[in-house]
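Keep the model open as you read.

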Amino acid sequence: RPHVFTNASGCTGLSISGNRVTIRCISLRFLIMQAYDVKFYQISGWQNSMTGAADTSYDIAAETAGGATPTLEQAREMLKTLLADRFQLKLHHETKELPVYALVLDKNLPKLKEAVSNAESPIEFNFGIKGSVTARKESMPQLASFLMNEVERPVVDKTGLAGYYAFKLDWIRDHAIRIPGFPAEEDTAPDSGGPSIFTALQEQLGLKLESQKAPVDLLVVDHAERPSEN
């Protein structure tokens, strides 16, 4: 049976080691994101339905029977079972037309370099006031996925650019981002002279975010409870 512990410290994301699946210091909302492989904006109704559970961080440890190493999909199925059994999670799917951003080419040519074919793909982030991302081998859909966290809205790649690119992007945020699993950056006054993410995309990469509407698949949380500790 999976074990659930509250008030943990030292956050990490989902980790698979041998037959053991662990998550440290994660909120219920992020746990649902991991289990159902969705973005934060795709979870609706959680503010009113997660009574007693939404504002708590959890440690979770689960093991597969027989000692086999689970795949990521199997680990997600384990988390779905845990959510239903221990958190009494009930939800349903719904499609709504919501505001989104389309990532498109600016009027100028894109300022992107094609990635070296044998380049490694790790991407470096800075979550502080001075935001930055350095990519050595990233696609435009991957960039769109990253931008969702910055603009707090779905971002759809409509650049028409295939392949992988190397780029560096620097901008100024209004506030530092808090993400489970990463150390919190110091909150300092934003540099009013720095570009926003929208301006930086245009000036540094030759790309633009256009406001549009599109159908979005949502997970609507109907009910969730805070589980008892083991």
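In this predicted model, four strands make an open sheet, ordered β4-β12-β6-β10, with mixed pairing. Its edge strands are β4 and β10 (155-157), and each of them pairs on one side only. Helix α4 (residues 140-151) packs on this sheet and touches β6, β10 and β12. The direction of α4 makes about 165 degrees with that of β10. Helix α5 (residues 197-205) also packs on the sheet, where it touches β6 and β12. Here the angle between the directions of α5 and β12 is about 135 degrees.

Now take the pairings in turn. Strands of a sheet pair through backbone hydrogen bonds, either parallel or antiparallel. Strand β6 (residues 90-105) runs antiparallel to β12, and 16 bridges join the two. On the β4 side, the sense is parallel: β4 (residues 43-44) and β12 (residues 207-223) pair over two bridges. Ile43 has Leu219 of β12 as its bridge partner, and Ser44 stands opposite Val220.

Next, the nonpolar core. In soluble globular proteins, nonpolar side chains tend to be buried together. The largest nonpolar core here has 48 residues. Which of them touch the most other members? They are Leu31, Leu143, Leu147, Val155 and Phe167.

Leaving aside residues up to four places away in sequence, Leu143 touches Leu103, Phe167, Leu205 and Leu207.

Definitions and conventions:
Residues are numbered from 1 along each chain as its sequence is written. This is a predicted model: local features need pLDDT of at least 70, side-chain atom pairs count only at pLDDT 80 or more; totals for chains, interfaces and linings use all residues. Side-chain values use heavy atoms; hydrogens and water are left out. A nonpolar core is a set of buried Ala, Val, Leu, Ile, Met, Phe, Trp, Tyr and Cys residues joined through side-chain atoms within 4.5 Å. Buried means under 20% relative accessible area, exposed over 50%, partly exposed in between (1.4 Å probe, protein chains only). Contact means heavy atoms within 4.5 Å. Two strands pair if DSSP finds at least two bridges between them. Axes are lines fitted to C-alpha atoms, for helices over the stretch in contact, and angles run from 0 to 180 degrees between N-to-C directions.
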